[in-house]
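These are my notebook entries on one model. I set down what I looked up, entry by entry.

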Amino acid sequence: MTDTQTPFPPERGGLLLLDLDGSGAHPAAWRLDPAGPARSLLPQRLRETVLAAESAGFHAATFSDGPTPRNPSAAAHLDALQRAAFAAPVTRSLALIPEVDTVYTEPFHVGTQLASLDYVSLGRAGWLVAASADAAAAAAVGREHVAAPALADEAADAIEVSRRLWDSWEDDAVIRDVPSGRYLDVDKLHYADFAGRNYSVKGPAIIPRPPQGQLPVLAPAGLLAPEQVAAGAVDGLLLSAPAPGLLAAEVTAARAQNQPRVAGGPALIVELDIVLDARGQSASDRLAALDAYTPWQETRARFTGTAAELADLLAELLLVTDGVRLHPAVLDVELEELARLVLPALRLRGLLAPIHPDATFREQLGLSRPPSRYADAVTRATTAVPSTRGANA
Amino acid sequence: MSEQTEPATTFVPSGRLQLGVFFQGVNSGTVWKAAESGSQTDFESFRRIAQTAERGLFAAFFLGEGLRLREHLGRPHALDVAGRPDAQTMLAALAAITSRIGLVATQNTTYNDPADLAHRLSTLDLLSGGRAAWNVVTTDNAWTGANFRRGGYLDHADRYRHAEAFVQTAKEIWDSWDEGALAASGTDETWVDRAALRPIHHNGRHYTVDYLPRLPRSPQHHPVLFQAGDSPEGRNFAARQADVIFSAHPQYDDALQFRSDIVARTVAAGRGANDVKIMPASEFILGATSKEAQDKKAWVRSLQIGPQQAIAYLEQFWGRELSAYDPDGPLPDIDPVVEETSETRGSGFHGAKARELASTWRSEAAEKGLTIRQFVSARTSRGDATFTGSYTEVADRLQQYAVTGAVDGFNISPWLIPTGLDDIVNHLVPALQERGVYPTEYEGSTLRDNLGLANPARLPTLSPASA
């Protein structure tokens, strides 16, 4: 990648991401959702939630997905990419990051859909890459089940397809040149010519280059092979640890493994489940009440405590990471406390990146807008668009 | 909404018209050379068109689908507007800033998976409060397939059988949640009652689905189904499956004939004579006076088909460069180099017998004394789909369609983005309202409400589809 990177630690502060899944991350969240169990499928609810997240001062919202969710509280599920698209025109600064599978989807459609999300959000789109390991997901589309380690290759191939498609129209491909009658400069359009392990994609994209040029791509650490990450496949990694106290060490280890950000290494974002004291109840009582219905079995680090304690933990984490993604036990309840107490405290300490309305997600991550990889390709007016196979980030 | 009555065998005109708008994105009909021509991809253009249409009480906002960028003589086609967003992504965004207009996504059955597509359409239907529609299209060529995992796999002859099995599976998915599957209160046993869900199993020739659907029915039960195929096979498919035909028969006599053909096929398929709505593709060129509209039409046509487009249009069929020919002279005297027009893709013309076509066109142009540019302009402007005149003249013409039920409405392709609906909404809509043939408010909140379509009853048996 040829981007100009922000040196770490970022002087501008870290990012806070909020996952908006169903009634919350706890499997029993639907039971204690103040809005009632069925409301998580209503458009009004989605509108209110993204507005609440934006006005609380979150930098980004993630939208989980998957054909067979683990979380029973999200067993009924609206498509993540469309939820993000719906959120776009009602928000101004919130980056919108849907989780989109790479194994059982069409890479050409995914690349087009994400580019379209970038258009409707005016450059606030990101992509949380998933690679479904679920046999039910394979059965839904009548495909052979793909298991690790092939999942890493499926994800890497799909990312490469999208990245090539996003570059396949150079920024100035639409010329609207009346004297020559040309709407497009065909020399600025390029075939993706992706030939992968299991499929090929010709291109070019059916949509011009997205506003950000390249959408930021995030992936859970460990999904991709280290050499794929080193080659610049992703812009951010999501790191997990079994307990909050282990997250900083996880970040340190990841930093040692990856290129530094100044050299194009990925942003490191840690995952944290949270349960807070709220509405006159202690966090541990609330968790016990939820767990009495369905135990919360989750491999992510979990914080249980007061808003002030969470602010202290996040303050520590934001000194070592580029961002933290929060998974609230019960979305509406936790979000209220986060907005009222936690984010204001962090902002006061100068630990959060400032929010600029209309900033792109790349700008939030400190990434410049890259030129198309094909921009320097030799183009000849008299022949077909030259093959660009082998061109890479 | 009665769901159990016997299907009506006699067609009864509603006496009303509906309007839809088709934001095309890829075509020669959209003028990009005028000073007022705006972006084809900026969200603001889509917002402007959708909100103007909703102000004009339009029933539907319609988007096409791109699967491969059009090519001309082996390179991307340069002369027309091109580049458009994914339909459902754009419509989901528009759902947030509109409240009544229907949102129609063109999606093909060949390069989508039924479970995935049905789920995404369910999402759009729920996010829009029951305003989603699916324009079902089929594709079969390997050229398009080069962008997809399976490549070209479907024979042309199989495309409707495949599409129908696909649509049937989608309907089963939309029907798979019984009422009350979702918990009403936090003390219910589970959030989703698995016993109220029917898993979908389909084992067909072209695809296999083994799927537990993830969403309840929307307020309109199923997305509305649009269909545009005009072959006898396509018409029968529409008669069995579709709610609305996006037809190619806008001219009055032709429209009447098409209506009676569709009514006959619909009744033969066991559905009611009024169950399938017809909305032809159309273009409107309006002015305060007849003269103003005619002048505008000449201007629009000159911008739609410039000299380069005229030559390029013929090159599609000749399969060779014709840049040496004068656009203001007669049609080329040389023959096409290909029997099938395989060199040009994505414009829907391949498969025509090029040589035969060329000679027919040459004599037609010679007979009428048309230059290349005039001939191409006449061919591409779909003159029969254009309503030109003053607001009152056009309103009078449309009134006749409404009264006899020749059509249920028109799906308008604006020739200008994003202001192309302004005069229609500001002038034509009020003129139609004065004549009592156009709604003065939205009938309801769902697209089915607004099109006068009943919510579909649940499929009586979930029998496996037959392809």
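**Conventions.** I worked on a predicted model, in which local features need pLDDT of at least 70 and side-chain atom pairs count only at pLDDT 80 or more, while totals for chains, interfaces and linings use all residues. Residues are numbered from 1 along each chain as its sequence is written, and chains are lettered from A and ligands numbered from 1 in the order in which they are written.

**Chain B, overall.** I read off 14 helices and 14 strands for chain B; helices (H or I, at least four residues) and strands (E, at least two) are DSSP runs, numbered from the N terminus. The radius of gyration of chain B, taken over C-alpha atoms, is 23 Å, close to the 23 Å that the globule rule gives for 467 residues, so chain B is as compact as a globular protein of that length. That rule is 2.2 Å times the number of residues to the power 0.38. I noted spans of about 80 × 50 × 45 Å for the C-alpha trace of chain B along its principal axes.

Of the 467 residues in chain B, 52% count as buried. A residue is buried if 20 or more other C-beta atoms lie within 10 Å of its own, exposed if 12 or fewer, and partly exposed in between, with C-beta atoms placed from the backbone. I then took the contacts in chain B with a separation of 6 or more: 76% of them join residues 24 or more positions apart. Two residues are in contact if their C-beta atoms, placed from the backbone, lie within 7 Å.

**Domains of chain B.** The assignment gives domain 1 (18-289 + 383-451) and domain 2 (306-380); such bounds come from an automatic or database domain assignment. I found 31 Å between the centres of the two domains, taken over C-alpha atoms.

**Helix α9 of chain B.** I checked the length of α9(B), residues 307-318: at 1.5 Å a residue its twelve residues should span 16 Å, and the end C-alpha atoms are 17 Å apart, which agrees. The expected span is 1.5 Å times one less than the number of residues. Ten of the twelve residues are buried, so α9(B) is largely enclosed by the rest of the structure. Among them are Tyr313(B), Phe317(B) and Trp318(B). The buried residues of α9(B) pack against β3 (71-72), α10 (354-368) and α11 (372-380) of chain B. Gly319(B), with a positive phi near 70 degrees, follows the helix.

**Interface.** I counted 56 residues of chain A in contact with 60 residues of chain B. On the chain A side, the elements that give two or more residues include α1 (43-56), α3 (107-120) and β5 (174-177). The largest share, seven residues, comes from α3(A). By class, that side has 39 nonpolar, ten polar and seven charged residues. Here Ala, Val, Leu, Ile, Met, Phe, Trp, Tyr, Cys and Pro count as nonpolar, Asp, Glu, Lys and Arg as charged, and the others, Gly among them, as polar.

**Core.** Which residues touch the most other members of the largest nonpolar core? They are Ala61(A) and Phe61(B), in a core of 249 residues. Domain 1 and domain 2 of chain B both give residues to this core, so it lies between them. A nonpolar core is a set of buried Ala, Val, Leu, Ile, Met, Phe, Trp, Tyr and Cys residues joined through C-beta atoms within 7 Å. Leaving aside neighbours within four places in sequence, the contacts of Ala61(A) include Leu18(A), Val50(A), Ala87(A) and Ile97(A).

**Backbone details.** Most residues other than glycine have a negative phi, and most peptide bonds are trans. I recorded a cis bond between Ala148(A) and Pro149(A), with omega about 5 degrees; Pro149(A) is in the loop between α4 and α5 (150-167) of chain A. Another cis bond joins Gly203(A) and Pro204(A), with omega about -10 degrees.

Arg279(A) has a positive phi near 50 degrees and is found in the loop between β11 (267-276) and α8 (283-293) of chain A. Is Arg279(A) buried or exposed? Arg279(A) is exposed, with 10 other C-beta atoms within 10 Å. His221(B) has a positive phi of about 70 degrees, and with 20 C-beta neighbours inside 10 Å it counts as buried.
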